[in-house]
Amino acid sequence: MYNSTSGGYRGPHKMMLGSSPPPVTITKVFDAWSKSGSRACPPAHTDGDFVMHYGNYEMIENENQSLRDRVADLEKKVHEQTDEIMCLRSTLADVLRRINTIEGARVVNSHSGGRATPTKEGVRLRHHHSDSARDVSKRASSYVPGRSPSATQIRHTPSPSPFASPARPQQLGALNKRWASTSDFATPSHTARAHSPTPTNSQLSRRPNSGSLHNLNNLRSSTSQLNLTRHGAREAQYNPDEGVVKMYLRGRPLNLYVPTPMRETYNPSGPTAQPPAKLKLEWVYGYRGRDCRNNVYQLPTGEIVYFVAAVVVLYNVEDQMQRHYLGHTDDIKCLAVHPNKLLIATGQTAGHDRRDARSWRLNPPADPLSPEAEEWPHIRVWDSVSLNTLHIIGISDIERSVACLAFSKADGGSLLVAVDEAPDHNMSVWDWSRGERGYKLLETKCAADQVLAVDFSPVDRNTIITCGKNHISFWNYESGMLAKRMGIFENRERPKYVTSISFTDTGNVISGDSNGNLLIWQRGGNTVCKMVRGAHEGPVFSILVQKDGAIITGGKDGRIIEWDRDLERTGNVIEVSEQFGAPRVVTSGRGTQLVVGTTRNCVLGGTFTFPLRPVMQGHTEELWALAPHPSQQQFLTAGYDRTCYLWDTMAHTIVWSKDIGEHAQSAAFSNNGEIVIIGTTSGRWFVMDSETREMYSQHQDGNEPIQVLRFSPSGQYLAVGSRDNNIYVYQVSEDCRKYTRIGRCQAKTRKARYQSISSVGHSSFVTHLDWSADSQFLQSNSGDYELLFWNAGLCRQIVQTSQMRDVEWASNTCTLNFSTLGIWPEGADGTDINTCAKANQSSLLATGDDFGKVKVFAFPASNQKARCYEYGGHSSHVTAVGYLHDDSRLISTGGRDTAIMQWVVSAASSSPSSSSSHR
């Protein structure tokens, strides 16, 4: 808008990708005119001269005022047209995205016999990392297309550029050409590079990774490549006379008996089968709001963008469709949207559960420009339309984690500011578009305490504001230097935390603090010009300034309050339900709608007139329990937040939720799906109706967590594996509502004739167990890498394990047995793989590990060199995987990332590149 007092443009100026200077105003022209004497009082020689000069002066003033008004009107129209152009470009971006989705699905349908699951051409399989690879990155992410292992490890085959958008069908050639000439979707250098047919090795090692245009499974993982592996420090040894293969975990031998039909032909180092299916990420449940701020935005295309784990979700609520940016390798901590609303910057952490934390100072990568260096904290700038990564910056500059990000606004977004969570809380300013790795303009220590937010002024190009514990700072960037001024509270109460900041349309700063107060800081200064005490009862988490000047705040008290531009209450208040948590971030949606992210990991939508409704919900603490429904497209999850959710995979919604009052560790459905069992960390387990949520009974087995629950195929027994080293077996009756304990499979000592005393049973906690197909036997794993067998009816261990070599098992969740020998990578310590699950009707095996990977093998994976497809997305240990009853989808749960991921299972292509073998 035009400010008549200053004679210049004072409103926020929005630009498209190709940034241009702000609108030209006539202020300087008027100033020059005034200095030249045109506005000076005319000399008075005579009365006639005075009257003549006075008349001319008055006429010039009238013309000047008329000209000012006309210029102000023109500036308003230009501003309105700029908004219209931005909306038109956003609409075009949405149309292009939809066309690509439709065309991609059509081509995949023609290639895969009708299944509408896009897969990338030229996918290569991989074996697990070698020992040297594990030394470089124990907690490494899934393989990103374009990373170039040594030539001795893989066999290169021609493939599309791994850093471009996913390989598009030839029918889209015209569309590709159009994109290449559209600066809003890719910079010229990257666009030209994105369509190169086959990259060189040097290009592979230097280029940033791309996202996935159609939510493909090339999320830094799916195009896995081959790599030889051994188990532990020694090769597995096979004794054909006894039919025993011996594998080693941390030097400890484990004897596995080969089934009789395979004894003559089995070779542990023999060729392995290609996995018969691939995965494609379809849906992500969850949102990270418990400890992150300013991480929910609505794009002009109608998509809500937010993140959870290592995935950025672009969710179109109206169309019920998600897209996913999958370029990150660990927890995403912050997000910023470019003024053009098309580009997005996201920053990641070093990892909270890695054995070797990715600190640049303590554990730097050998080469900052290598693909492996992308495992360290960094910032990725990417296109929200194509999901292509444009720039990767900060690898050699960010030590611990990216705490907060912001694009500049007054100059069209040419700069990017980032704050590190390192002890010095360094702040760096970047010319992010200069080169693939950006260009750091300057870096300085920001504060001695935690920094919660950073932002550029929308009207003063060189002004940056930071806030956090015990401070709010005003920075001025000029001539390559940053000048800092601390905020002066004068005689007002100094808050412990300044928790949020925003800007009015005149450039004044509004801050909210931990005392619940709102303060307005004069533009260009560092003093308070107005204060509203007790705006909220507790910290002010979010401040939103709307286009009409209205101000909306959200606080820890669960209230969302609307204020006018003078910070007077309008009377509009929203009370957020306690079950959703307090509003962590409030942002504008379509029209008068608000989009709210909460502290209990929920995304809500609504207005001051209509109540807020959940758009996305998730768990808030570590997640362990997963149970797919035996006959419906549903699954149940539970975790340490004491809440159980039943999810519908088709509607992508919660069917019901229940607070069980205890930390949940495990869960299982009865065979008919009418009953669900929830195991807790206290040794108690509940029997609950899966529809009404009525609690029928509760049982106690020891005082340790219930690690695993499993119904027998006949439905007559329930096995309960506990952390107290015991397996409790129950007889089931009265439609799975009554449970009677038969016995306990426990550790015992026995003394054989002429032999010393030996131990029988598990000597460590039970981790997994499976029933035989005839419901007579159990196999179980423990924390000390044991595989034991039991007679379930007698609760007695079967010591002669060779007798069990030909038993058919109803499920395969035990990670240590003959059928899963090939899932263990070299140097594994026995705890790296947390979970596995066999498909119900196909020869497919999925695993989840400590490094956030979901892998798919052919079943049985009984050879060392088992090939697999590997997928990322989780940023913490994968605690559980499970197939739905019809094997159409796989569900995976993350531990500390609290994310639930739903993968579509699609048939794997049999192209030559997909079956490439070792050299």
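Is Trp647 buried or exposed? Trp647 is buried, with a relative accessible area of 1%; buried means under 20% relative accessible area, exposed over 50% and partly exposed in between (1.4 Å probe, protein chains only).

Before we go on, a word on the model. This is a predicted model, in which local features need pLDDT of at least 70 and side-chain atom pairs count only at pLDDT 80 or more, while totals for chains, interfaces and linings use all residues. Residues are numbered from 1 along each chain as its sequence is written, and side-chain values use heavy atoms, leaving out hydrogens and water.

**Rings that pair**

The structure holds 18 aromatic pairs. Rings of Phe, Tyr and Trp (its six-membered ring) pair if their centres lie within 6.5 Å; planes under 30 degrees apart count as stacked, over 60 as edge-to-face and the rest as tilted. Here are two of the pairs:

| Pair | Centre to centre | Between planes | Type |
|---|---|---|---|
| Tyr325 and Trp382 | 4.2 Å | 0 degrees | stacked |
| Tyr645 and Trp647 | 5.4 Å | 50 degrees | tilted |

Tyr325 and Trp382 are both buried. Their pair links distant parts of the chain, 57 residues apart: Tyr325 is in strand β10 (residues 321-325) and Trp382 in strand β13 (residues 379-383). Helices (H or I, at least four residues) and strands (E, at least two) are DSSP runs, numbered from the N terminus.

Now back to Trp647. Tyr645 and Trp647 belong to one aromatic cluster with Tyr285 and Phe635.

**A charge over a ring**

The charged end of Arg723 sits over the ring of Phe765, 3.9 Å from its centre. A charge counts this way if NZ of Lys or CZ of Arg is within 6 Å of the ring centre and within 35 degrees of the ring normal.
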